[in-house]
Amino acid sequence: MTARAPYSLVAELTHRCPLGCVYCSNPLDLAPAAGELGTGAWLRVLREAEALGVVQVHLSGGEPLVRPDLDDLVAAAADLGVYTNLITSGVGMDRDRARTLAERGLRSVQLSLQAARRGLADRIAGYRAHEQKRRAAAAVVEAGLPLSMNVVLHRLNIDELGEIVELCAAWGCDRLELANTQFYGWALLNRERLLPGRPQLARAESVLARKREELRGRMELIWVVPDYYERFPKPCMGGWGAIGLTVAPDGIVLPCPTARGLRGLRFERAGERELAWIWNESDAFNRFRGTGWMPPPCRTCDRRLVDFGGCRCQAFALTGDAGRTDPVCHLSPDRKLIDAALAGADREAAAPATPLEYRGRGRPSQAPG
């Protein structure tokens with residue numbers, strides 16, 4: 001079937017990254033460097049994406065700054081008239097790199113932050129990166145690029161919310177996305193340690209309201225709702241295969257960055273099929289489009305064109321079946337899975353800490369901090 005043209009492309013240039021964040025959204029089976037698309041293949045992806053209708057490219061990873069051809073890919077996208085945004089940990093970003101990227105056509109940078117305090121931030125990342133992030137922020141601002149920042153919130157850092165907002169403002173941030181953890185991949189492995197309790201969430205929402213008022217007109221604060229605490233699930237990327245696509249480091253083309261682990265779907269590879277065919281015709285991209293695939297209670301629900309049955313990746317992660325109603329929904333037959341996790345979060349707050357699983361590293365005996 002022919003779908004509406006995608007708006008954005010997430011180009012995951014690599015899964016290589018110096019950080020080992022405990023909430024990372026990369027898959028558990030990280031693509032090896034030897035299997036990454038080369039420069040020529042990525043240039044083809046960019047051309048096909050623009051021809052398909054893409055107007056924004058988010059250059060992501062892993063850490064995209066480890067790619068020596070990043071400057072050339074930015075320039076190629078800019079030459080196509082596509083808006084380019086770099087999503088980075090900041091490790092590897094200095095004044096010269098920021099200036100060069102801006103000159104080649106980069107339009108904005110999104111910098112991740114793990115916490116306000118350096119020790120905690122480095123412990124969450126599994127790497128001493130906090131000071132490098134400060135220098136990266138300064139380099140981006142000096143290069144004249146808009147700086148947005150992303151903080152994944154969870155039990156370990158959500159009580160620092162006020163300090164986090166103040167730090168981002170001090171670093172020159174224009175837009176701050178406060179994204180409560182979505183539990184896939186590495187985050188799901190660490191859910192017992194990361195899912196905040198209800199009192200923590202209530203305190204954070206109060207701080208958020210105060211900071212929004214204080215910073216009105218100076219910095220935009222975006223709050224990504226922790227959907228485990230909602231009655232209805234979040235929309236699945238505006239609907240499965242509706243507004244964007246992701247190309248993984250090895251060329252696998254996905255409806256969203258976390259879809260790679262869904263069993264029972266065959267995802268095509270860029271270069272073997274054109275993006276237009278994959279977007280419009282492939283079985284994987286059409287499997288959950290529309291409403292025909294929906295089970296009860298979604299099929300007759302008044303919200304079926306609002307939340308589209310919820311997140312397919314979350315349904316699979318929690319039930320093993322991507323075709324089920326997202327368990328977050330209070331009408332889902334699997335809602336008990338969410339309620340059990342929430343009850344566990346309240347108990348865990350008073351329980352001994354369990355070890356953290358670091359991205360790609362198993363259980364280190366001691367994290368830096």
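A residue is called buried here when its relative accessible area is under 20%, and this cut-off applies to each of the close-up views below, which are taken from a predicted model.

**View 1. Helix 12, spanning residues 312-319, and the glycine that comes after it.** Because six of the eight residues of helix 12 are buried, this helix is largely enclosed by the rest of the structure. The buried residues are Arg312, Cys313, Gln314, Ala315, Phe316 and Leu318. Just after the helix comes glycine 320, whose phi is positive, at about 80°.

**View 2. The second largest pocket and the residues that line it.** The space in this pocket amounts to about 350 Å³, and its lining is made up of 17 residues. Nearest the centre of the pocket lie Leu28, Tyr184, Gly185, Thr258 and Gly261. Helix 12, the subject of the previous view, supplies at least two residues of the lining, and so does helix 7, which covers residues 185-189. When the lining residues are sorted by class, 10 are nonpolar, five are polar and two are charged.

View 3. Within strand 7, tryptophan 223 is the bridge partner of leucine 178.

**View 4. Valine 140 in helix 5 and the residues around it.** Helix 5 covers residues 130-142, and valine 140 has its place within it. Valine 140 counts as buried because its relative accessibility is 2%, whereas the cut-off for a buried residue is set at under 20%. If the neighbours within four places in sequence are left aside, the residues in contact with valine 140 are Met93, Ala98, Val109, Leu145, Pro146 and Leu147. Glycine 172 is 32 residues away from valine 140 along the chain, and the C-alpha atoms of these two residues are separated by 9.2 Å.

Terms used: Residues are numbered from 1 along each chain as its sequence is written. This is a predicted model: local features need pLDDT of at least 70, side-chain atom pairs count only at pLDDT 80 or more; totals for chains, interfaces and linings use all residues. Side-chain values use heavy atoms; hydrogens and water are left out. Helices (H or I, at least four residues) and strands (E, at least two) are DSSP runs, numbered from the N terminus. Buried means under 20% relative accessible area, exposed over 50%, partly exposed in between (1.4 Å probe, protein chains only). Contact means heavy atoms within 4.5 Å. Two strands pair if DSSP finds at least two bridges between them. On a 1 Å grid over the protein atoms alone, a cavity is a set of points where a 1.4 Å probe fits but cannot get out, and a pocket is an open set with protein on both sides within 12 Å along at least five of seven lines; lining residues have an atom within 4 Å of a point. Grid points are joined across faces, edges and corners, and a volume is the space filled by probe spheres set on the points. Ala, Val, Leu, Ile, Met, Phe, Trp, Tyr, Cys and Pro count as nonpolar, Asp, Glu, Lys and Arg as charged, and the others, Gly among them, as polar.
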